[in-house]
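I opened this model to look up helix packing and ligand contacts. My notes follow.

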Amino acid sequence: MNDKELQRVKQRYNIVGNHSGLNRALDVALQVAPTDLSVLIIGESGVGKEIIPRVIHDNSPRRREKYFAINCGSIPEGTIDSELFGHEKGSFTGAVGESEGYFGIANKGTIFLDEVGELPMATQARLLRVLETGEYIRVGGQEIRKTDVRIVAATNVNMRKAISEGKFREDLFYRLNTIPIQMPPLRDRGDDILLLFRLFALQMADKYRLPKITLAEDAKQIMLHYKWPGNVRQLKNITEQMSVLSEQREITAEMLTHFIPRDMETTQLAVVQGAGGSHTYESERDILYKILYELRGNVSDLRRDLNNVRKQLEESRQLNGAAGFQPIPSKSSNTLPAAPIKRQVDLVEDAEAEEISEPETLNLNDVGKQMVEKALERNGGNRKKAAQELGISDRTLYRRIKLYGLDNA
Ligand SMILES: Nc1ncnc2c1ncn2[C@@H]1O[C@H](COP(=O)(O)OP(=O)(O)OP(=O)(O)O)[C@@H](O)[C@H]1O
Ligand SMILES: [Mg+2]
């Protein structure tokens, strides 16, 4: 397919991105649209699977007929057969009238079966029959009915695993999977992440009538290296949150950490890079080093918080006189019971005591030093690249190089 055609589709459906996997998915969708072949869209949650069946239907000879998107996971097992294939009057308690079901109403059109892996076994048998012969029977009925429906299905579960566990029929899988379309995860799409951010930032600025947010260079690096377990949906949500909550319109790496959970950013970042990012870690030990290295950051944060509590306590002691522990003024109440305060003080004093015996910050300094050394080594001394690989800003790397005395090495 030529580029022009691809651009036309992207514009029409507001699809952003140039990643080859995304282009291939759209290309296959357009190629199979004129046929009646079943299509199975495979991809993690939030990758944008729902756009594909719409593209297929709108570009098929069925475009003027009905299109239904049905989420198989959200219909209770007891009613799904009747919803899909209809029922006869009195076929079950509450079936006062008859119903045609989606396969009847959608005759000549397209049905999108989202989360098809969630279909109960009995429904899978009915679906296989309608796919093979175009025939179905309503719940509680006898009469064989005919329908002409094109099926596009989607799944974010591992179908082969579902088959091996006896949860999904193998014959149905092959029937649905005539044409598979893979949607790539967001973490593999490189610069598309930034393009999508720009799209969502614009949309949110418009929606909330606020100036558009942008990304500082260090924040871009984090965005590009994060694992995005919730894919495009997560990126959209985070961009919305930042658009609304951030006073500063240029988002920095530091600000991003409030929106991207730190534990996920660190552990998943490490695993992803190990599993096929631009840098491959030599061993699991390297990945562990990385996690420990970031944990060290968490410990520093905790220490900072404790220091703040200590300062507050000292201020309150001075305000209330040195004798005894007095309640600290708080925003929500003016008095606090003495016991919790005592506990807080114990905590601070414990931490003070620990500080003396904690010069190595949990002995992680060595690990941190090795991490930095290895990252620099792997990147031929290029600090920018090493910082990217470690998922930290250039400035933080520079500070750590000084801290570990690596600049004199
Ligand atoms: N390439 C893209 N350009 C613009 N918006 C996109 C793109 N891909 C996905 N989106 C948006 O991301 C959100 C999530 O996409 P979608 O609902 O299609 O995910 P999904 O793959 O169906 O996920 P799930 O398996 O959880 O249902 C939607 O708001 C969609 O419009
Ligand atoms: Mg979906």
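This is a predicted model: local features need pLDDT of at least 70, side-chain atom pairs count only at pLDDT 80 or more; totals for chains, interfaces and linings use all residues.

Which residues in H4 meet which residues in H6? I found Ile80, Asp81, Leu84 and Phe85 in H4 meeting Ala122, Thr123, Arg126, Leu127 and Val130 in H6. Contact here means heavy atoms within 4.5 Å. By class, this contact has six nonpolar, one polar and two charged residues.

Residues are numbered from 1 along each chain as its sequence is written, chains are lettered from A and ligands numbered from 1 in the order written, and side-chain values use heavy atoms, with hydrogens and water left out.

**H4 and H6, geometry.** I looked up the axes next. H4 spans residues 77–85 and H6 residues 121–133; their axes come within 9 Å and cross at roughly 15 degrees. Helices are DSSP runs (H or I, at least four residues), numbered from the N terminus. Axes are lines fitted to C-alpha atoms over the stretch in contact, and angles run from 0 to 180 degrees between N-to-C directions. H4 and H6 are therefore roughly parallel. I use under 35 degrees for roughly parallel and 65 to 115 for roughly perpendicular.

**H1 and H2.** Helix H1 (residues 3–13) packs on helix H2 (residues 20–32) at about 95 degrees, with the axes 11 Å apart. That makes H1 roughly perpendicular to H2. Glu5, Leu6, Val9 and Lys10 of H1 meet Asn23, Leu26, Asp27 and Leu30 of H2. I get four nonpolar, one polar and three charged residues by class.

**Asparagine 23.** I then checked this H2 residue. Its side chain reaches the backbone oxygen of asparagine 18 at 3.3 Å. Beyond neighbours within four places in sequence, asparagine 23 is in contact with Leu6, Lys10, Gly17 and Asn18.

**H17 and H18.** Helix H17 (residues 383–390) and helix H18 (residues 394–403) pack at about 100 degrees, axes 9 Å apart. They are therefore roughly perpendicular to each other. In H17, Arg383, Lys384, Ala386, Ala387 and Leu390 meet Asp394, Leu397, Tyr398 and Ile401 of H18. The contact divides into six nonpolar, no polar and three charged residues.

**Ligand 1.** How many residues surround ligand 1? I count 17, and the closest are Val16, Ser45, Gly46, Lys49 and Arg233. A ligand oxygen is 3.3 Å from a polar backbone atom of valine 47. A backbone N or O atom of glycine 48 lies 3.1 Å from a ligand oxygen. A side-chain N or O atom of lysine 236 is 3.1 Å from an oxygen atom of ligand 1.

Conventions. Helices (H or I, at least four residues) and strands (E, at least two) are DSSP runs, numbered from the N terminus. Angles under 35 degrees count as roughly parallel, over 145 as roughly antiparallel, 65 to 115 as roughly perpendicular and the rest as oblique. Ala, Val, Leu, Ile, Met, Phe, Trp, Tyr, Cys and Pro count as nonpolar, Asp, Glu, Lys and Arg as charged, and the others, Gly among them, as polar. A residue is near a molecule or strand if one of its heavy atoms lies within 4 Å of it. A polar contact is a pair of N or O atoms within 3.5 Å; within protein, one must be able to donate a hydrogen and the other to accept it, and residues adjacent in sequence count only if both atoms are side-chain atoms.
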